[in-house]
Amino acid sequence: MTVFSAQVPSGYDEAFAAPGEPRGHWRSFLDHLYSGGPERPGRLWDQTLHLLRESGAVYSGATAGSTQRRPWAFDPIPMILHHAEWQRLEVGLMQRHHLFTLLLRDLYGIQRVISEGIIPSELVFGHGDFLFPLWGRPTRKLTLPLYAADLVRLADGRFQVVSDRTQAPSGHGYALQNRRLTHRLFPDRATFGPIQPLQPFYRSMRTGLMRLAPHAAQNAHIVLMTPGPANETHYEHTFLAHAMGLTLAQGNDMTVRGGRLCLRTLHGLLPVDVILRRVDEAWCDPLELNEDSLLGVVGMVQAAREGYTAMANPLGSGILENLGLHPFLPALCRFFLGENLLLENPKTLWLGAETSRNQVMESWHHDPFPWSILPLQPDLALPVNGLSVDESLRRQILENPSRFIARPRIHPSMIPGVDAQGMCQRHLLYRAFLHHDGNTSYVMPGGLARVSPPEKGRHAGMPDHGYPFSPRQGGSTKDVWVMDDRDHPEVATPVQSQDSIPPVGLPSRVAENLFWIGRYAERSEGIIRLFREATTLMEEDEIGLSREQRRHCRHRLLSTLTHFTGTYPGFAGEDARLQWANPDQELRSVMLDANRTGSLAFSLQALINGGFSLRDRLSSDTWLILDNISTHLGRWQRQRMDDMNHLLWDLGPLLQGLMAFAGLTWENMHRDLGWMFLDLGRRLERAMFLAQLMETCLGKGDSQTNEIAMLERLLALNDGLESFRFHFQTRLEVESVLAKLLQDDTDPRSLVFQLTLMERHAHQAPRSPGQTLYRTPLGRTVFESLAAIRLADAPALAQTNPASGQRENLLQLTQRIRNLLPMFSETASDNYFRHADATHHLFTART
Amino acid sequence: MRYQIRHTTRYLYPETVSLCHNRVQLQPVERADQRCLRFDLTLQPEPNLVRSYKDFFGNWIHYFEIHKPHRKLEITALSEVMRMIDGTPTLAPSPPWETVHATIHRADSNVETRRSLLFSMPSPLVASEPALHPLADQVFTPGRPLLAAVMDLTQLIHDSFAYAPGATSISTPLGQVLQQKAGVCQDFAHVAIGVLRSKGLAARYVSGYLETQPPPGQPKLQGSDASHAWFETFLPGSGWFGFDPTNAVQVAGRHIVLAVGRDYADVPPVKGVVTGGREHRLSVAVDVVPLAEELTMTPPAFSPDGGATFLTS
């Protein structure tokens, strides 16, 4: 048992009161853990990795040219907090939140704290985090709907706040994610004692956000504003939006009209009542805040002034995070509340004050240096003990002392954990969450525990140990259980009806992404089918065709590949003959080179990135399939492929993944506008594929034996060979194959089948009142294509012009379709996806 | 002195602008040395929303949105201003700058003085910059009275910097202005502010107009005036004193104040973000016309929106 005990007697141990002596509220959990035998930690870790993969939880942004994502760091051993301790924290957090609310109102209002000298004005005005344009709003109603605090536990067991999160508190999504993971990992957790559920907090948080809506008491439209998929916490935004039923939107999905923040949807502009803001405030409005921002909404500051949209948290609340306020919090608490501060900070010195600065600088060369130095603006990537202490830091402080604080070095408490090597000890930083609905504050009975990389055979508190917690530096996270050590029966939480989720228009960007996801998925499938067919034809005697027949079919299919992917010149250029004879190099590039526009790797990557940015709209199974595709693609790209056959083998799982994706989106997605756009993209792409295939493979007549082989390959390529033989029971003729692949309504891979579905989707697409389908550009294009295909006469299409050797009727038809279909795509873009035109700034003359 | 000022800003776009959001600071502030008797803002095309409010520094801001597609935006501000100071002021006696510094930074100073402290801190366009120190040391010699030192600074900038329109842009950092020793009035004001702040003194940016006089014997040309910028420094107990480094003068009746802020970024006369349009061509015309001393009209009563009326044509 001693393996679990703290190694440093001076620090607090979360789990053990003394070596071998678990704390009461940890006992049943630890008993459970030991009873699993020595393999239990390893098994737990394996299960964790499995679940993490399955959940698709990540902590990293989408970067162009890469599908590598850092999985979410999670340590399955929870942080267990005694209920009585949590209640003490609850009171302290509520007091701090109240204090910060009053301070926010004062700072953006009459500024008594400055005029009465409670805090130095330099702290407020000197460091860029006071947003001058936000001053002067009616402050009476200014609230902090969300608040979070990062806490450490000292050796004596007390908690202290090392930083406050007020401007866009994050972690709610990851906390919920972690709880779901521990639920799966510890199905018999009820035997450990009553663990406080988190669901009520999230429910009341949602209701609380709705209540903030100034003008809509019911069915308020809440938008979670995200910086987008490039942000490393984007997964959390999608997860939270999904879990809480919020619309996820980026800055350019929104606009300000008449001082009112609106979402651009397929149905027009939809007013936003509440913003759950995850974009840092300085980046929210290029008109009045940071001009270079592409993440914000032009006019958002004005929208804040107008007050139609409540913001959680309001713009300007970032200033409360300033660490330089810490030395003044006790005085501020007495000033505003007439109370003593319950939940304290570590003793903090602001170096802008001369005496504090002298005190710190005098001990600069002491060993060990007793202070940790931090910049005023909290930096999450920074270890708890701040910047590394060196000469350059000393110079910076002397130059700009007011930008720094000093506080005694902190030694966070220890907590047991598990990683790939088994049990370990980690240091703990605990983020607690609070939400406020305008009247009442609620503290989450749980939270997000962040832990440092494992202490392995080292003693904690080594002089240069800064205690990093960021996942980038090997930190991890834990679920937090608030638990009683008393034994009382589990109280069933009453089933509450879900808040009614208001109907919300589909953001235009989302519709566009879905459209392209459909297109890229189908395009990838088409490329693989072409590649598979062409490669099979290189093998001798595999399918009973003569060398000449195989050569003919292969050339036509390779040319189709080039035309379809647009990777010119490829197999369609002047030296096509050369390439046909020696296709390997070009094929490898068309398949594997992600930097080549149109390649398979390019299309798959676009598909995966599209899926990642719409994580909130895809079911976890669907995401899992995309994630598998991503894994396969990565593995495939890393291998050296000299042998085309190898490539062919490895394509199997990719094609299966794509088909599973197609199946799931067809079977399991709601038939809403989003699905419609996804399927529209897929149908469009497949129609283009067929038109191209017919044109390149049959556009020019050839010897009868070659044509028969080609027809057979075309049917095989479209999974239609068997059904053709079954239904037609005739020998292969150009006429009947064209009739099947172009005009057979019962064949889901025929061109007419795609166009019929597209017409049906076009019917559903929103249009202005009174406008009929065939007056819309979308409707007209699809109707014209459909009519052309339906009216075409198969025997006429099959005829070749003896002079040119070409099937001129067929070519005419496919070219018409190939001209019309891109127009269909463009009209869809013009009508539905026009979400963010380029903007530019106006200035005045300089004189 | 009484003036009528017409300030027209016109943007022409090669492509249609579908939407624009703007904020303008074109309404002259009211202060001890200046009264704004009338202010009309005319916008074309007609805005869908106009809002007026006072900012943190006491300036008037007019926010507007235009939702209608347009290829041209014209903003015309017409104001009538009474300046309460006249002629060429003489430099008031002032305590040594070190004394002023000490007073500003004393914890128990009065509210107005404490408020001035904000203007001794770095701001978005005037960050602390080592290249300012030599200039500062040149004029802030030990024991030199504050206002005398600031007048020296005004003269020094005028003499050692070339007035060169086009030499700088809005995004030219202060350090580069100091290096190339050339710029326009905004740059000179920023240099002066930076120097004062490097000594811990308070300095603020003023956006405004200067009445210009035509060369002798020539009529004044329409639209020949321009918007202008200078700076003010704070003397506890006496208030703010204006200096114009572009013209090496102490500010007097011919300087008309539009707005004050920490630097240009707080008070751009016109600022906006347009959607579409691709780019813009800008033309500005300013006319500052002195009026007869007697009032030709009764000043409107003070109203919450600053007495502004919005005309659209």
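Modeller: Let me begin with one residue pair: B:Leu19 has B:Thr275 in S13(B) as its bridge partner. This is a predicted model.

Biologist: Which way do S1(B) and S13 of chain B run, and how many bridges join them?

Modeller: They run antiparallel, with seven bridges between S1(B) and S13, residues 270-276 of chain B.

Biologist: What about S14 of chain B, how many bridges join that strand to S1?

Modeller: Eleven bridges, again antiparallel; S1 of chain B covers residues 2-24 and S14 covers residues 281-291. In that pairing, B:Leu291 of S14(B) stands opposite B:Arg2.

Biologist: And which residue in S5(B) is the bridge partner of B:Arg2?

Modeller: B:Met82. S5, residues 70-83 of chain B, is joined to S1(B) by twelve bridges, and the two strands run antiparallel.

Biologist: How many bridges are there between S1(B) and S4 of chain B?

Modeller: Five, in the antiparallel sense, with S4 spanning residues 60-66 of chain B. One pair to look at is B:Cys20 with B:Ile66 in S4(B).

Biologist: Switching to chain A. In what order do S8, S9 and S10 sit in their sheet?

Modeller: The order is S8-S9-S10, in an open sheet of three strands with antiparallel pairing. S8 (254-257) and S10 (268-271) of chain A each have a single partner strand and stand at the edges, so each has one side without a neighbour in the sheet. Ignoring direction, neighbouring strands in this sheet are turned by 45 degrees against each other on average.

Biologist: How many bridges hold S8(A) to S9?

Modeller: Four, with S9 of chain A running over residues 260-265. Within that pair of strands, A:Leu261 in S9(A) is opposite A:Val256.

Biologist: Now the contact between the chains. How many residues does each chain give?

Modeller: Chain A gives 29 residues and chain B gives 45. On the side of chain A that touches chain B, the elements with two or more residues are helix H5 (121-125), S8 and strand S21 (839-842) of chain A.

Biologist: Which of those gives the most?

Modeller: S21(A), with four residues. By class, that side of chain A has ten nonpolar, 14 polar and five charged residues.

Biologist: Which strand of chain B is S21(A) joined to by bridges?

Modeller: S13(B), through four bridges, with the strands running antiparallel. There, A:His841 has B:Val273 as its bridge partner. S13(B) is also the strand that pairs with S1(B) over seven bridges.

Key:
Residues are numbered from 1 along each chain as its sequence is written. Chains are lettered from A and ligands numbered from 1 in the order in which they are written. This is a predicted model: local features need pLDDT of at least 70, side-chain atom pairs count only at pLDDT 80 or more; totals for chains, interfaces and linings use all residues. Two strands pair if DSSP finds at least two bridges between them. Axes are lines fitted to C-alpha atoms, for helices over the stretch in contact, and angles run from 0 to 180 degrees between N-to-C directions. Two residues are in contact if their C-beta atoms, placed from the backbone, lie within 7 Å. Ala, Val, Leu, Ile, Met, Phe, Trp, Tyr, Cys and Pro count as nonpolar, Asp, Glu, Lys and Arg as charged, and the others, Gly among them, as polar.
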